Amino acid sequence: MITIIIGAGAAGLAAGIQAARNKSEVIIIEHEKQTGKKILITGNGRCNISNEKMNSSMYYGDTGFIDCVLKKYPASKIKEFFQSIGLYTCSKNGYIYPMSLQANSVLTILRNAALNLGVKIKTNNTVNKICLKNDRFLVDIGIELECDQLILATGGCSFKKTGSDGSGYKLAEKLHHTVVFPEPALTALVCDDNLLKKAAGVRIHASVTAKEQKYTGDLQITEYGVSGIPVFNISRLVTTGDTIQIDFMPEFPEEQLSSMISHLIMNGKEKNVDMVLNGLFPDKIAVFFSTKLNIHNQACDMIDEHKISELAGLIKNYTVFIKKRRGFEFAQVTAGGVTTDEIHPETMESKKIKNLFFAGEIIDVDGICGGYNLHFAWASGMIAGGNCK
């Protein structure tokens, strides 16, 4: 039996290894000049393979579908898979990385494992058309290739320079599958707040809330708006005209924060309010808060309890208006893709066409930061490849 996989990224390479282990003759087609370009930039070049806290609540999409995938391939199974091909992992606060802490190690091991199993990898080849003939797939890449089983693992639209250009969606649609409209996810937000932008360059521990979802981590203030992991995690929830709430002091309830500020003000009578706020925040953030409340450089003995309460409230619940999400060229993953309603989660096989499988980001599943998206790529790829014999 011949299996063709379109896409030599995380899902495609994992699928290729599993299919080859099943004695299938495997051909992987990649339109970039090299395999796995997106793997190399994940986890800031360290490749966050998975996460020990793996469950469907970390994902957006069909919970039942995701649960089925994660039950078959939890984090322990992903680590076993990599160990079986020669890559050992380490865990840092639940985040699972290659022992080398280098993404290049992951790609090299995957590619070599595939090649050693006899997988043929054809790079710099574009799929022009896919047809069905006598229950076999005809894949046109300039020449026509035939296969018994076909896996679409083309990725989404994020980071087009790595090869994720959305072309897989067109192939899926031509094979009569429904594609949920793709949108950028795990991306920064462009904000309508000129005063906050004056604090550009600051990184601060904060909580970000949107539509009853809250994430905490390092918030980055930029010239265009806000970034950082908590922003990435809520980015797919918001659009133009929406708001997010920022808690700049998530460790303390508002009443306790108000008491802290009151104490600093009372003991800083010879200082101004900006100098006092420097005891809690970086300079730019201190100036931002004082300017917002029209108390910039005001003497501490001029600050009353009402203003302290107002300041605490601002710090704990600052509202930012969203202009838009940053686009696919900045997004880490894609929200949307081939609907899970048309895929069997136990096998990744299409419900519409026998022996057609999907794996990875092309499917309408996306997770938060922390290794969840790569985990789904490995797991769905291994399931798809494991069902090709």
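**Exercise 1. Is Glu80 buried, partly exposed or exposed?**

Solution. Start with the number: Glu80 has 47% relative accessibility. Next, bring in the cut-offs: buried means under 20%, exposed means over 50%, and partly exposed sits in between. So Glu80 counts as partly exposed. Keep in mind that you're working with a predicted model here.

**Exercise 2. Which side chain meets Glu80 in a salt bridge, and where do the two residues lie?**

Solution. Step one, find the partner: the side chain of Lys77 meets that of Glu80, at 4.0 Å from N to O. Step two, check the cut-off: a salt bridge needs the nitrogen within 4 Å of the carboxyl oxygen.

**Exercise 3. Which parts does the salt bridge between Asp242 and Lys211 tie together?**

Solution. First, the contact itself: the closest N and O atoms of Asp242 and Lys211 are 3.3 Å apart. Now locate each end. Asp242 is in the loop between α7 (229-235) and β17 (243-247), while Lys211 is in the loop between β14 (203-210) and β15 (213-221), so the bridge ties together parts that are 31 residues apart in sequence. Asp242 has 19% relative accessibility and counts as buried, whereas Lys211, at 55%, is exposed.

**Exercise 4. How many residues apart are Lys307 and Glu310, and in which helix?**

Solution. Begin with the contact: the two side chains form a salt bridge, 3.3 Å from N to O. Then find the helix: it's α11, residues 305-316. Lys307 and Glu310 are three residues apart there, so about one helical turn separates them. To finish, Glu310 has 34% relative accessibility, so it counts as partly exposed.

**Exercise 5. How many salt bridges does a search of the whole structure find, and which residues are linked in a network?**

Solution. Take the total first: the search turns up eleven salt bridges. Now the network: Arg136, Glu146 and Asp148 are linked by salt bridges.

**Exercise 6. Which residues form a positive surface patch, and is Lys170 buried or exposed?**

Solution. List the members: Lys129, Lys160, Lys170 and Lys174 make up the patch. Then zoom in on Lys170, which lies in helix α5, residues 167-174. Its relative accessible area is 58%. Exposed means over 50%, so Lys170 is exposed.

Conventions. Residues are numbered from 1 along each chain as its sequence is written. This is a predicted model: local features need pLDDT of at least 70, side-chain atom pairs count only at pLDDT 80 or more; totals for chains, interfaces and linings use all residues. Side-chain values use heavy atoms; hydrogens and water are left out. Patches are made of residues with over 30% relative accessible area and no salt bridge: like charges are joined within 9 Å, nonpolar side chains (Val, Leu, Ile, Met, Phe, Trp, Tyr) within 5 Å. Accessible areas come from the Shrake-Rupley method with a 1.4 Å probe; for residues, only the protein chains shown count as cover. Lys and Arg count as positive and Asp and Glu as negative; His and the chain ends are not counted. The place of a charge is taken as NZ of Lys, CZ of Arg, CG of Asp or CD of Glu. Helices (H or I, at least four residues) and strands (E, at least two) are DSSP runs, numbered from the N terminus. Buried means under 20% relative accessible area, exposed over 50%, partly exposed in between (1.4 Å probe, protein chains only).
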